[in-house]
Amino acid sequence: MLDAIFGQGDRNSLTMDKPHPDSLLDTSVQGVISRPLDRVDGPFKVSGTATYAAEYQIDNLAHGVLVGAKIGHGTVTAIDASAVKAMPGVIDVITDYDTFIRNPQQGGETTAPTQGVKEVGYFGQIVAIVLAESFEVARDAAQRLHIEYDYAAGAYDFDANRDQSETPPASQIPAHYTQGNVDKAMTQAPVTVEATYVTPSQNSAAMEPHASIAVWNDDALTLYGSYQMPTSDAQQLAKSLGISEKKVRIIARYIGGGFGSKLGIAPESVAAAIAAKRLGRPVKAVMARTQVFDATVRRSNTEQRLRLAAGKDGKLTAIGHDSLTSNLPGEDYFEPVGIGTHFLYRGENRSITHDMVPLNLLLSGSMRAPGEAVGMIGLECAMDELAEKLGFDPIDLRKANDIDADPEKDIPFSSRQLSRALQVGAEKFGWDQRNPRPAQRREGEWLIGMGVASAARSNMLQQSSAKVEIHADGSATVSSAMTDIGTGSYTILAQIAGEILGIPVEKIRMSLGDTNDPPAAGSGGSWGATSAGSAVYLACELLRDKLAKAMDVDPGELTLKDGQAIGANRSVPLGELVGQGMEATGEIKPGKMEKAMTQASYGAHFAEVAVNAVTGEVRVRRMLGVFAAGRVLNAKTARSQCLGGMTFGIGAALTEDLIHDQRNGKLVNRDLAEYHVPVNADVPQLEVHFLDERDIYANPIHAKGIGELGISGAAPAVANAVYNACGVRVREFPITCDKLLDGLPAL
Amino acid sequence: MKFNINGKTHDAEVDVRTSLLDLCREHLGLTGSKKGCDHGQCGACTMLVDGRRINSCLTLAVMHEDSEIVTIEGLGQVGDLHPMQDAFVRHDGYQCGYCTPGQICSAVGMLGEVEKGWPSHASADLTAVELSDAEISERMSGNLCRCAAYPNIVDAIREVAGKGDRQPVLEAAREIGA
């Protein structure tokens with residue numbers, strides 16, 4: 001779909017149809033790849049000079065404040081703007097019943113999301129924007145704006161509407177997959193587990209609220225936005241506004257976190273664009289934190305029925321993972337709960353299904369590690385339950401079910417170090433200190449326990465391109481519509497270019513987050529580093545060939561180091577070889593390797609928790625993760641990604657719970673005081689280890705996604721530790737003290 | 001009105017409802033201080049006012065004509081970073097960077113509080129405060145970081161406070177030969 005805008009020309013393109021056994025990153029000698037370099041954008045971030053979406057200094061800016069519907073389902077019948085328009089400083093109140101977007105768009109889509117805001121599909125849906133000369137006036141006017149509605153009955157209660165569930169169309173995975181006969185295997189196996197796990201809606205809660213500044217220049221729109229995937233976001237925006245995608249430029253140099261919530265466009269972008277057009281002046285629209293909760297995107301709640309059947313040897317004969325999630329009527333995205341279950345363990349009988357209840361709650365979409373983040377909770381807690389029934393150590397059980405080929409598609413894994421990660425983690429964590437019997441270890445009024453879970457996250461490659469230029473002064477510029485949402489893209493892309501071209505990282509200028517630069521898939525699904533990184537690799541590979549030609553040597557005889565091209569007994573500064581400058585564009589596309597191999601990154605999570613025997617309070621005391629995700633591009637930023645994922649897991653296990661009022665769908669806890677993301681005191685000094693690995697089937701840089709691996713399995717490790725500590729198995733997440741109290745052992 | 005920010009006098013005409021945060025961000029072009037919630041819940045807007053850390057979204061600009069205000073821009077700039085800013089870079093005490101200016105201002109203010117002997121919930125002895133990791137974490141818990149750089153933030157602050165330099169990332173890098 002992106003082909004049309006990727007264009008042709010002098011470029012180095014690669015479709016991953018074959019393994020790529022050799023990588024220039026292994027033969028280059030600059031010595032910067034993988035090293036724990038400080039972020040190249042770090043000094044700007046710590047000094048407050050990195051510019052986020054709402055911070056561009058633009059003349060004659062009108063301040064826009066969005067207004068959300070105060071009903072859960074129905075129709076807007078009138079917006080009476082006369083009173084607020086009379087307020088000093090108010091410029092206008094604008095809505096466009098047809099064009100304003102009702103739902104945000106999912107990531108990577110190239111079409112407009114559901115539009116039309118006269119119909120209200122969920123509480124808080126954005127219906128208008130108030131424009132004023134100052135933020136204070138706009139906010140005041142927005143709060144006073146009088147809107148009339150026709151109320152309609154809505155579906156807000158998951159349990160009450162479960163009989164309305166539907167099977168959604170296939171997405172990344174089929175909605176329903178069955179192999180063999182799980183029911184029969186369950187009746188025949190000597191040991192089985194059947195349990196239902198429930199996880200609540202969650203919010204990405206990136207620290208920067210969604211924000212857009214819209215600036216029109218004749219019929220061309222520049223939108224300074226906080227978006228993870230500018231290339232496809234610009235297409236979504238163009239389609240929403242009914243203009244050519246060539247007329248939309250998105251600039252997203254710095255993005256204050258996304259975690260999925262900024263994959264597709266959100267309501268403030270279209271509202272700002274329409275308002276700016278109507279007013280004939282630039283408009284800034286920043287969502288209030290409550291609006292980020294109300295009207296962007298949530299991770300769906302899930303109900304997961306787990307069925308495991310095993311022989312006395314611990315080997316699984318059946319896995320059932322049947323899930324029920326929710327989304328708005330007409331939206332077909334489903335949380336792919338069982339995505340990791342497809343390939344993690346053996347078992348010839350399998351049922352992995354996804355059904356969805358249509359509800360009038362804000363859009364469900366991707367949040368960090370869609371699928372695995374919550375699906376691994378069900379699977380890995382059930383594995384813990386099975387281990388106890390079998391009398392197996394939980395690590396031995398997982399090792400007994402490790403496999404060397406995909407259990408559903410007769411194809412190998414591209415690389416997989418699950419058992420080794422479990423083994424290494426067990427040694428480093430001191431797993432042998434764990435008492436397999438729960439509630440045995442006490443320290444004063446605290447009960448101490450340990451838990452483990454496997455980590456797995458499917459690996460993806462997305463079509464992406466990047467341009468690399470070597471300038472006459474020997475410096476270089478890397479440009480791409482790729483983004484850095486905190487992941488470290490600026491740094492790792494500079495390291496890839498610096499390594500291959502032999503240019504010190506400090507002499508490489510990075511330009512990311514601008515759709516005027518070569519298109520890229522952006523940041524999401526942990527594909528960013530590998531996709532954009534491969535594009536940079538390919539551009540540098542072509543530049544290397546050009547430099548060899550300029551040196552009149554075979555590329556294999558050329559060494560590039562510290563700004564010098566060395567070959568045929570000569571050492572020439574790059575600046576001299578490139579004349580006025582030399583450039584190349586690289587482009588990577590997924591190919592046959594995607595289907596020929598099951599690609600994923602793996603690891604193991606270990607947690608030690610303390611449960612207060614009096615209050616049920618849970619404290620995470622230690623946590624350790626071992627991860628194998630192909631080549632680590634920067635040990636510092638990769639480790640930080642893992643810390644972040646593990647902490648998301650602590651939140652999912654213990655505190656995060658988005659609560660919908662069952663009478664109207666309104667979010668009860670729609671701010672950061674009531675929706676509890678982990679704070680500093682909730683997180684101990686987490687320990688992260690990597691296993692050395694290269695994946696030659698994934699891409700030419702031999703790396704796999706890491707940003708979401710750290711969350712996949714983190715929550716069940718904590719949950720299993722809670723069980724080991726106090727003997728209470730909570731299957732409804734998060735594990736708050738009220739759910740533990742009744743079952744705690746006597747003091 | 002006149003405001004003393006980062007040692008300079010700024011003139012601005014503000015609405016009585018304008019927060020100190022919006023004065024800086026919307027009127028003075030000082031966008032280093034961030035707005036994450038506008039409700040005093042996330043700490044991204046933390047500044048130093050008369051030497052104390054405060055949530056600048058929860059105070060009105062008109063209350064601060066006589067205050068000495070230091071924002072992240074005033075602590076240090078690229079090429080001349082404050083030791084706390086420098087430590088955050090080296091320890092990777094951030095990812096997306098949006099909470100970072102608030103974290104750094106908060107950390108500087110917090111060390112001042114410890115120096116004065118102010119105890120916290122984590123203090124074992126209310127009369128003799130020792131800056132442990134638990135103290136740092138407790139005192140920094142008003143500054144949310146969704147990227148969750150918390151362990152690295154603690155490492156950065158501990159180093160600046162002279163309480164020991166741990167480099168877990170070097171260990172992780174060594175294991176893969178990087």
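Biologist: What pLDDT does chain B average?

Modeller: This is a predicted model, and chain B averages a pLDDT of 97, with 100% of the residues scoring at least 70.

Biologist: And which ipTM and pTM does the predictor give the complex?

Modeller: The ipTM is 0.98 and the pTM is 0.97.

Biologist: Staying with chain B, what is the strand order in its open sheet of five strands?

Modeller: The order is β2-β1-β5-β3-β4, and the pairing is mixed. Strands β2 (8-11) and β4 (52-55) of chain B each have a single partner strand, so one side of each is left without a neighbour in the sheet. From one strand to the next, the twist averages 40°.

Biologist: How do β1 and β2 of chain B run, parallel or antiparallel?

Modeller: They run antiparallel, with four bridges joining β1 (residues 2-5) to β2 in chain B; at one of the positions, B:Lys2 has B:Asp11 in β2(B) as its bridge partner.

Biologist: Which strands does helix α4 of chain B lie across?

Modeller: Helix α4 (residues 100-115) lies across β3 (46-49) and β4 of chain B, and runs at about 40° to β3(B).

Biologist: Switching to chain A, how many helices and strands are there?

Modeller: Chain A has 20 helices and 28 strands. Its radius of gyration is 26 Å, close to the 27 Å that the globule rule gives for 747 residues, so chain A is as compact as a globular protein of that length. Buried residues make up 63% of the 747 residues, and of the contacts in chain A with a separation of 6 or more, 82% are between residues 24 or more positions apart.

Biologist: Which residues have the most contacts inside the largest nonpolar core?

Modeller: That core has 302 residues, and those with the most contacts inside it are A:Val130, A:Ala497, A:Val536, A:Val718 and A:Val722. Leaving aside neighbours within four places in sequence, A:Val722 is in contact with residues including A:Gly449, A:Val609 and A:Ile735.

Biologist: What about the order of the open sheet of five strands in chain A?

Modeller: There the order is β1-β25-β19-β20-β21, with mixed pairing, and the edge strands β1 (11-16) and β21 (508-512) of chain A each pair on one side only. The twist averages 15° from one strand to the next.

Biologist: How many bridges join β19 and β25 of chain A?

Modeller: Seven bridges join these antiparallel strands, and A:Ala466 stands opposite A:Gly586 in β25(A). Helix α15 (residues 528-551) of chain A lies across β1, β19, β20 and β25 of chain A, running at about 140° to β25(A).

Definitions and conventions: Residues numbered from 1 in each chain as written. Chains lettered and ligands numbered in written order. Predicted model: local features only at pLDDT ≥ 70, side-chain atom pairs only at ≥ 80, totals over all residues. Core = buried A, V, L, I, M, F, W, Y, C linked by C-beta atoms within 7 Å. Buried ≥ 20, exposed ≤ 12 C-beta atoms within 10 Å, placed from the backbone. Contact = placed C-beta atoms within 7 Å. Helix = DSSP H or I, 4+ residues; strand = E, 2+ residues; numbered from the N terminus. Rg over C-alpha atoms; globule rule 2.2 N^0.38 Å. pLDDT = per-residue confidence, 0-100. Pairing = 2+ DSSP bridges. Axes fitted to C-alpha atoms, helices over the stretch in contact; angles between N-to-C directions.
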